[in-house]
Amino acid sequence: MGNDEQQHAMDVLSYWCAVELFSPQNWRDNQLIALSSSHNGSNGVSVTEQERLPWDDIHADLLIGPVDNEHRSYTNLYNDLQSRKIYRLQTDMNARLTKPFSFAEDTENWLRVQAVRSGLDEQTITGLLGEMNQLWLEVAKQPGSLPAGTELTDSMVSRLLQVAEKLSATANRPGSACAVYRKDYDRRFARRPVHQAVKPDEDSEQQEAVGRQNRWLKHERFRIAVGLSQRVVTNALLKAAKLVRELSPAEETAQDEVLQELAHRQNRRAGGPSTVASLMEFCVGDDGCLAPRSLTLSQYAKAVSCLFNHEGWPDCPAGWPHIEVFDDTESKLKSEFNRLAGEDSGDEAGRPMYKAGPVGRYEIESLIEHVADRMGLDDRAVSSSPLFAHADGSPLIRDYVNCHLEASSESVNGEMMDSFFLEDLEDLYQNGPEIFSEPVRQYLSVGHPRRFDLEKDPEGHLVADFTEPASMPFGRWPSASNQFQSTGQQLAINQIRAALEGYGSSSLLGVNGPPGTGKTTLLKDVVAEIIVARARRLAGFSRPQDIFTSRRLARATSDEDKDYVYWTLDPSVTGFEIVVASSNNKAVENVSQDLPSADAIDTEWESYIDSEFKQVPCGFAFRDFAGQITDRKSQDKESSTSNTSSAWALISAVLGNMSNKNRFLWPFKNEFIYKSLKYMPGERGSRTNWAKARNDFNAALKKEESIRARKIAQYNLMRSYSGLCNQRSDLSAELKTLNEQLHGMKASRSRYVGQVQSMGRQMSDAGQAANNAQAAWEQADGICRVHLSYWKAHPLRSFFHSRERQQDELKVRTDLEQARRAKQHFEEQASTVHQRLQSFYGGLEVGDQKLGECQNRLRL
């Protein structure tokens, strides 16, 4: 990438980072805890500060007794122990008894009940009671019942399990001793009770000696989220945008439409009109204590602080917002939180110097105010910003927090508060073009690949160029032969094939379309094409062992493990791996399950394989083993009686989470690699099979090439015939146009001829008028000369009749001037008519030329 392209890529990444920073995850539930006052907010949920906190008054109901099968769910074990228990104890979350517990009484009651079933006599019962009471006294340290408030230690629970094991063995009860407790939580924050089995700890007494006890009671955690109003932040962003650049009315209208669409999508994604995101999250144990190392600040909160505390508006610096300025603040806040949670309050031996007490509403409010102050989101900082609006108020939500019982998957990193893409985008932006993969370079390049919009190609010219037989892939999914991809799907498949051939595995191509238009379906043909492309590479090796280039040794990680030998593949047969990934896990699972499914191929192909290769369809392409892996999903259910495999080939597997990976890897390694491949035919047999497979595949390729060549010839013939038809249609249209032009020209010529004749008559009339005017002028001029001569010849009469002479001269000269003007007018009129006549003659000549040309074209 050149300097300009690198700068363009970094600018785009900077913009995306800013967009994603202000695109957090919304609160998806309404499990709210009121803090300072009653609240009935926009979420439509009423909470009051009088309600008890979710970690108040939680109890653990512990049952200890024999069970038939301890390898069951904790819920089932607890339900079994309801009727088979020996001991029942109830404690709070600090493992202190909430009710008195009498070991001797519970033991005797259970033995009396078992005496009827097992035939225990009184002497045996008395002896067992004495022995068990002595064992219990060793850990209880006091005779008689344990009063409420007594701490139930790990050694006590271990001893109760030990006693239960001996009692059940003496009473001939099958199974083993088990301890399971149940914790009931407020239904607002937990849908169902939590059950947990207690595992006996051999060094419980040693742990208690150093102050580490009550490990039998596991603590669940409530995740608390402090909110920021996205409505307030969005209004501030709009105000900042107007400060940076004033929008035109059209831009404001377009912006309003986009915001409405985004709000609609947000409501659909969040399941309601939720506009609250997280400032921070932290955890409170069900014992009411803060959980160390559970505080996390959202990147969104840092961006919001940058928004309100930026002092340079209307200027917006490059790469804004610079949230890295909060790294030190975040580190200090986490250290302070951990100290509040009691993490750094231990002595050298690891014993806690003090135990952090339970938190209430006041402590949560104080924590919120402290973090907001350090993050620059307190009222003083926000209200001094030019983006602050009194009508909106502060983005910080103080009246309530979100709370839910933390799932096990959240225990490491917590819930996702920010955009899913933010971390990857920031990594690209911080490390720069040096770490860009080829697809990322293509995506961020200034010159994007050509895009095809089928809606803008109603005549199909664009589609025809990219769906011709020469562009078709070599492979096709074995669906019904009379079912084909749509034109749009085939265009996408052909373009993907061309992209793979042009750029290899580094190509990048997007296929867009509404739901249900076959985007997932076309993946099958893409998979088929990639498999065929790899098979063409494999067919280039004369021996199967030539595919493996070198022998390597993998060292074991421990002394007990064995070293493994493996071989690397020739680079020419790599790069054909396929990974299906999506933000929708179910969509990926559906695709991965569908590809190897027996229903994914049509029955005609099984019959074809049987007739073409003379082998039973259920035995090809590792079909039996593929069926075993697929059927493992239903291994806990009743096994199917059908002999038909549920899969047609070992082509894909559902991976992702650990459960899916184990479901595939365990049988693949142990059953397929270590057993199936181990007993494959020897080198001679494999070489024969390989040669036959190569010959069959090459024969199939030649057959495909022959069919392709025939289809290309047919396509070219049809296209040339279509071209001739189009040409004929074009010529017919042109002939019609020429005839229309000829008819128009003839009509125009007729009009011209009429106009020329009219101009000729006008010319004749103008000439006659000019001649008459000339004669009148000459006559007036003669009369004028005669009068002048007469008065000149009679000077006395001219003197005595001067008035008469003047009147006579005026009349004569007036007549002469009128005659002169009439003569000039008619001469000018004659000249004008003459010029127009010449112009019409010229136009008529040009029209005759065009008429001749049109007639000549028609003769051709």
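Predicted model: local features only at pLDDT ≥ 70, side-chain atom pairs only at ≥ 80, totals over all residues.
Two strands count as paired here if DSSP finds at least two bridges between them.

**Entry: strand 8 and its partners**

I looked up strand 8 and strand 9. They run antiparallel and are joined by 9 bridges. Within that pair, I found Gly227 standing opposite Ser278 of strand 9.

Then I checked strand 11. Strand 8 (residues 221-229) pairs with strand 11 (residues 400-405) in the antiparallel sense, over 4 bridges. Arg223 has His404 as its bridge partner in strand 11. Phe222 stands opposite Leu405, again in strand 11.

Is strand 8 enclosed or open to the outside? I got 9 of its 9 residues as buried, so strand 8 is largely enclosed by the rest of the structure. Buried means under 20% relative accessible area. Both faces are covered: one side has Arg221, Arg223, Ala225, Gly227 and Ser229, the other Phe222, Ile224, Val226 and Leu228.

I moved on to another open sheet, with 4 strands in the order 5-4-6-7 and antiparallel pairing. Strand 5 (87-92) and strand 7 (194-197) are at its edges; each has a single partner strand, so one side of each is left without a neighbour in the sheet. On average, neighbouring strands of this sheet are turned by 25 degrees against each other, direction ignored.

Strand 4 (residues 59-67) and strand 5 run antiparallel, with 6 bridges joining them. I picked out Asp61, whose bridge partner in strand 5 is Gln90. Helix 2 (residues 74-84) packs on this sheet, touching strand 4, strand 5, strand 6 (176-183) and strand 7. Its direction makes about 75 degrees with that of strand 4.

**Entry: a nonpolar patch**

Phe548, Val565, Trp567 and Leu569 make a nonpolar patch of about 370 Å². Strand 13 (residues 564-569) gives the most to the patch, with 3 residues. Phe548 lies in strand 12 (residues 548-554), and at 43% relative accessibility it counts as partly exposed.

Definitions and conventions: Residues numbered from 1 in each chain as written. Heavy atoms only, no water. Helix = DSSP H or I, 4+ residues; strand = E, 2+ residues; numbered from the N terminus. Patch = residues over 30% accessible without salt bridge, like charges linked within 9 Å, V, L, I, M, F, W, Y side chains within 5 Å. Areas by Shrake-Rupley, 256 points an atom, 1.4 Å probe, with all protein chains shown as cover. Salt bridge = Lys/Arg side-chain N within 4 Å of Asp/Glu carboxyl O. Buried < 20%, exposed > 50% of the residue type's maximum accessible area, 1.4 Å probe, protein only. Axes fitted to C-alpha atoms, helices over the stretch in contact; angles between N-to-C directions. Contact = heavy atoms within 4.5 Å.
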